[in-house]
Amino acid sequence: MSVLLTRPGAVVGAGPDAGVASHYGGPHKEQVLLAEGLAVVDLSHRGVVTVSGPDRLSWLHSLTTQLLIDLPPRTSRETLILSPKGHVEHALHVVDDGDTTWLTTEPGASGAVAGWLDSMRFMLRVEVEDVSDRYAVLGEPVGAESVEGEPIAWVDPWPTLVGDTFVYGPEPADHPALGRSWRELVVPVEELEAAVGDRPLAGTWAAEALRVAAWRPRAGVDTDHRTIPHELDWLRTAVHLHKGCYRGQETVARVRNLGRPPRRVVFLHLDGSGHVLPEPGAELVPVDGGRPVGQLTSVARHHEDGPIALAVVKRNLDPATVLLAGTTSAAQTVVVAP
């Protein structure tokens, strides 16, 4: 459990965000402060893995979806670990300090990531260590890479295009996340409170609402065992299309070359007239009846837009179809084009 849960008003989160605060007593105000760039978010439940050794970048490059060879120090990248069939297993936030590559993972995933990477070392000069018990992550509404003299930080590239890639959704200039600033500061656990300083804290309730409004996918939340990156428009920041072979590369290339993915992410405006919102995982059906056409993956309350969600639906679903999640109606906005 995070040391910041001792702060006044802290309410512990649940599900993937257990172990840190969902909010500190004022979730709406916290979200406004975060959107204005004034608050920070305790993400110390995220995993932290280090990779050291002279072969670290070329080795990670060979295993994952992004171009990482010769990555300059303090330059952020996002990369995915795929299954042999191209399904998303892990999303890694990557930044190198010149001696060590720092990876942050979804909560609870660092052990699996470190274990798999360690099994793939063979004779290469790399060392992998899960340091989640010694380092904590702090989310900041900052878009600048870290510099010498401050803690290492990973800057989120979303929604820009990184490298030789492709988008299934809008170009960056037309994307709702245009201008979004977000980074993860990695600090020793004992320095977490000092890194917060006198800045107000916002909980994950606020951070998740802004993420959903930005159409930003999250591994383990917006993914399942069948997810391929194309379905979530994740090629734009995490997949380089001409970097050479890696596990799952054949599926990435085939779907890109032959057409559209079998499913697609949509953004939903939910009917907010009820007091209770549907839970992630709820099935979606057309309002006029029929079989399920998808399911909710992320649900949030936005300070301006009200109840919103991300969902994964069948590719050929008519974007004009109004959907139902239980008794809650949902109107679609296209993210990945049908």
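The protein has 7 helices and 18 strands. Helices here are DSSP runs of H or I with at least four residues, strands are runs of E with at least two, and both are numbered from the N terminus. This is a predicted model, where local features need pLDDT of at least 70 and side-chain atom pairs count only at pLDDT 80 or more, while totals for chains, interfaces and linings use all residues. Residues are numbered from 1 along each chain as its sequence is written, and side-chain values use heavy atoms, with hydrogens and water left out.

**The whole protein**

Let us start with the overall build. For 338 residues, a compact globule would have a radius of gyration near 20 Å, and the protein agrees with its 20 Å. That radius is taken over C-alpha atoms, and the globule rule is 2.2 Å times the number of residues to the power 0.38. Along the principal axes, the C-alpha atoms fill a box of roughly 60 × 55 × 35 Å.

Of the 338 residues, 54% are buried. Buried means under 20% relative accessible area, exposed means over 50%, and partly exposed lies in between (1.4 Å probe, protein chains only). A contact means heavy atoms within 4.5 Å.

Now look at strand S6 (88–96). Why is S6 described as largely enclosed by the rest of the structure? The reason is that 8 of its 9 residues are buried.

S6 pairs on two sides of the sequence, with S5 and with S7. Two strands pair if DSSP finds at least two bridges between them. Strand S5 (residues 77–82) runs antiparallel to S6 and is joined to it by 6 bridges; here glutamate 78 has histidine 93 as its bridge partner. S6 and S7 are also antiparallel, with 4 bridges, and valine 95 stands opposite tryptophan 102 in S7. In a regular strand the side chains alternate between the two faces of the sheet.

| Hairpin | Residues between strands | Glycine and its phi |
|---|---|---|
| S5 and S6 | 5 residues | glycine 86, near 90° |
| S6 and S7 | 3 residues | glycine 98, about 105° |

**Helix H2**

How many of the 8 residues of H2 (residues 56–63) are buried? The count is 6, so the helix is mostly covered. The buried residues are Arg56, Leu57, Trp59, Leu60, His61 and Leu63.

Tryptophan 158 and proline 159 are joined by a cis peptide bond, with omega about 10°. Proline 159 lies in the loop between strand S10 (153–155) and strand S11 (183–188).

Two residues other than glycine have a positive phi. Phenylalanine 122 has a phi near 50° and sits in the loop between H3 and S8. Aspartate 233 has a phi near 55° and belongs to the loop between helix H5 (204–213) and helix H6 (235–238). Is each of them buried or exposed? Phenylalanine 122 counts as exposed because its relative accessibility is 65%, whereas aspartate 233 is buried, with a relative accessible area of 1%.
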